Amino acid sequence: MSKSMRITGLEMKQLRKSMFSFPHGDGFESLLRRLSKKFIIEDCSHEVTQRVYYDTFDWRLHRANQVFSSSGGALHLEQFNGQGLAVAAGRRRSKFFWWDIEEGELVERLKENIEMRALCPIIELSTEATQFRIMNKDRKTVARLAVRNDRLGEQTSELPELIIVHEIRGYEREFDGIVEQCLKRRCSEVKNKSLFDRLLSNSDLTPRDYGAKFRVDLDQDISIGGAVSRLCLRLVEDMQKNHAGVIADIDSEFLHDFRIAVRRTRSLLSLLKKILPEAQCRYFQEEFRWLGTVTGPLRDIDVYLLEKDKYLNMLPAELEDGMSSFFEQLEVRRNGELRELQSHLGSERFGKLITDWKGFLTDPDSEIFKGSRAQKCRDYVDQMIVKRFKSFIRDGDRISDASADEELHKLRIKGKKFRYLLEFFKSFYDEKQMSSFLKFMKKLQDNLGDFNDLSVQQTMLGAELGGLKAKNLQTIRFAAALGGLIAVLSDRHRAVRNEFESTYADFTGPEIKKLLRVMVNGSL
Amino acid sequence: MKTIAVYSSKGGVGKTATTVNLAFTASRDGYRVLLCDMDSQGAASYYYRIKPKKKFNRSRLLNGEFYDFIRGTDFPLLDLLPAHFSFRNLDIAINDERKEEKRQVLASLLVPLADQYDYVILDCPPNVTVLSENIITAADCVVVPVVPTTLSLLAL
């Protein structure tokens, strides 16, 4: 033995797996006949399984390259390549939230990806699978072979038969020989594709067709009318995609995304109201304001319910009971608000708004494409960006420690409109520069947003407290909990206000002004 | 990773039977297991119908070049490092090592396996040599099968 014994870092080879798609016919039988000349082949199991695959509406698990499924009384979380990540007990359901699943590793992995979104069925699969052992003359297994016949949902036809050859460690030559025989038959190797990808490509689903950040690519030469049409059609598409989820109350984020699309639409109408046709603009502003208003109450309640654990954790244990009844009442109120909203979104008024709006945006004779709206959009937007930035800075510079909270709220609204303006038209500008600018802006917006949220929460909880009548011990406990919560929120409110000055200074430094100047070609 | 040695200086007490069944049971329960057949008789290898590849030998084992010679068994999650006839002089080869490292040889060879397996189970030859010392040093746990006879108990 060598005196200088080498212990190398372990580089054990990954076991290989090859998949082949066989058209229906006798391709597989011919393969078995050929293999049986060299090996002993034994079928060791045959089973029919049902499996349901789930993901969120915005494909959060697919974006994380993960697959969640339910089969045989168990829930599985895997990577795309089939490697298991976690398993938990659980039966098939119409939808899952992470809190519906027993605690354990699967939940810990799941919740960081899906958060408050529901996992809904996307593919139902029925699989007939036969496993074969490929053995040498000593009856030692030297490879495994599986044959799968998959059927999706209600489809009557099966997917092409799939043969999967699994390598056994130490039997590389045998694996290579079997793969060679497969390649000689009328089949195609299924490369670089997970089994799940194969199912998706044979379904009518388009993965990740929803959920990416808002972006509409506009030509540099597009007219104002053309740009507004493209942007707003994308936004109305978002509303329509989320509409069914809101009505069915699948999860809170359908309404959240619906409202974002409405808010963006209103913002664009407001930003361009001086150049859009006055009568139509006024009509649509009014109707989208109505839509924003009727969707507000349910969303407000959802925000509190989503923060329930956070609020309870802010309080000492002896006050938690008092707060719990508040949330129970909120749930009851929520049911009423949901019915109200379902009625609005199923109303003639809503239907007419969408029809009229789409007509306005797409009819070639529409006023949106005429007059001053025919001019080049980029030039107009450049001027708007400069003007709005200067206005934002002017208002921001006036804010001091003595300024009322209302001034910060106004600045937040102005900042939001400015940010929407940049996001709508970001395709006109250099991507890196815009991304950098928006990153700076986000920090300031987050500060102003937190400040506003804390103000709203204190006001709402204060109103609850003010409306209480001391009837019994439970009411007193509830009042104490509200008081405790308001105190904590007030502290945080003060802290966030104190952070405003430095955050604002970061945003309005010379670096930012230079960046903006470069972006809009030196107009600043 | 835990290393379990099934050892007795007495032959015929059921070391191999214990080893092969322990390894199978652990793999069936979902653990990744490597069974190392350290006995040149190769009984554990025979049970699992595994023969060593032609190029495998004692030197490759002691030089840490044995990973490519591990073979999968018929059972998922259970691999086996087969014995080789050259293992009959493993203790002599180990004795050539420097005195202070002599008992650590096997333990050092198993360290790189920690990420690959949950259990390494060693089927040991029935003797008392420096190889036995290595096995006991490397093991987190030593299982000693005992047939309830006087001589078996003596061997303990």
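This is a predicted model: local features need pLDDT of at least 70, side-chain atom pairs count only at pLDDT 80 or more; totals for chains, interfaces and linings use all residues.
A residue counts as buried when its relative accessible area is under 20%, as exposed when that area is over 50%, and as partly exposed in between.

What separates the sulfur of Cys281(A) from a bond with the closest cysteine sulfur? The closest cysteine sulfur belongs to Cys232(A) and lies 9.8 Å away, which is too far for a bond, since a disulfide requires two cysteine sulfur atoms within 2.5 Å. Cys141(B) is likewise in no disulfide, and the nearest cysteine sulfur, that of Cys124(B), is 11 Å away. Over all chains, the count of disulfides comes to zero.

Strand β1 of chain B, which covers residues 2–6, pairs with β6(B) in the parallel sense over three bridges. These strands belong to an open sheet of six strands in chain B, arranged in the order β3-β4-β2-β5-β1-β6, with mixed pairing. Two of the strands, β3 (71–72) and β6 (141–143) of chain B, stand at the edges with a single partner strand each, so one side of each has no neighbour in the sheet. Across β1, β2 (33–37), β4 (78–81), β5 (119–123) and β6 of chain B lies helix α1, formed by residues 15–28 of that chain, and this helix runs at about 165 degrees to β5(B).

Six of its six residues are buried, so β3(A) is largely enclosed by the rest of the structure. In a regular strand, the side chains alternate between the two faces of the sheet. Both faces of β3(A) are covered, with Gln66(A), Phe68(A) and Ser70(A) buried on one side and Val67(A), Ser69(A) and Ser71(A) buried on the other.

The partners of β3(A) can be taken in turn. Strand β2 of chain A, residues 40–55, pairs with β3(A) in the antiparallel sense over three bridges, and in this region Tyr54(A) stands opposite Phe68(A). Strand β4 of chain A, residues 74–79, also pairs with β3(A) in the antiparallel sense, here over six bridges, and Ala74(A) in β4(A) is the bridge partner of Ser71(A). The hairpin of β3(A) and β4(A) has two residues between the strands, and in this hairpin Gly72(A) takes a positive phi near 55 degrees.

Most residues other than glycine have a negative phi. Trp59(A), however, has a positive phi of about 55 degrees although it is not a glycine, and Trp59(A) is placed in the loop between β2 and α2 (60–63) of chain A. Asn65(A) likewise has a positive phi, near 55 degrees, and is found in the loop between α2 and β3 of chain A. Which of these residues is buried and which is partly exposed? Trp59(A), at 5% relative accessibility, counts as buried, while Asn65(A), with a relative accessible area of 39%, is partly exposed.

The helices of chain A complete the tour. In helix α1 of chain A, residues 27–35, the buried residues are Gly27(A), Phe28(A), Ser30(A), Leu31(A), Leu32(A) and Leu35(A). These buried residues pack against β1 (17–22), β2, β6 (120–135), β7 (141–152), β8 (161–167) and α4 (172–184) of chain A.

Two packed helices are described by the angle between their axes and the distance between the axes. Helix α13 of chain A, residues 405–424, packs against helix α15 of chain A, residues 473–507, at an angle of about 65 degrees, with the axes 12 Å apart, and the crossing is left-handed. Here Asp405(A), Leu408(A) and Leu411(A) in α13(A) meet His493(A), Arg497(A) and Phe500(A) in α15(A), a set that divides into three nonpolar, one polar and two charged residues.

Helix α13(A) also packs with helix α14 of chain A, residues 431–466, at an angle of about 145 degrees, with the axes 9 Å apart, again in a left-handed crossing. The residues of this contact include Leu422(A) of α13(A) and Phe437(A) of α14(A), and they divide into 10 nonpolar, six polar and five charged.

How values were computed. Residues are numbered from 1 along each chain as its sequence is written. Chains are lettered from A and ligands numbered from 1 in the order in which they are written. Side-chain values use heavy atoms; hydrogens and water are left out. Two strands pair if DSSP finds at least two bridges between them. Helices (H or I, at least four residues) and strands (E, at least two) are DSSP runs, numbered from the N terminus. Contact means heavy atoms within 4.5 Å. Axes are lines fitted to C-alpha atoms, for helices over the stretch in contact, and angles run from 0 to 180 degrees between N-to-C directions. Buried means under 20% relative accessible area, exposed over 50%, partly exposed in between (1.4 Å probe, protein chains only). A crossing is left-handed if the near helix is turned anticlockwise from the far one by less than a right angle, and right-handed if clockwise. Ala, Val, Leu, Ile, Met, Phe, Trp, Tyr, Cys and Pro count as nonpolar, Asp, Glu, Lys and Arg as charged, and the others, Gly among them, as polar.
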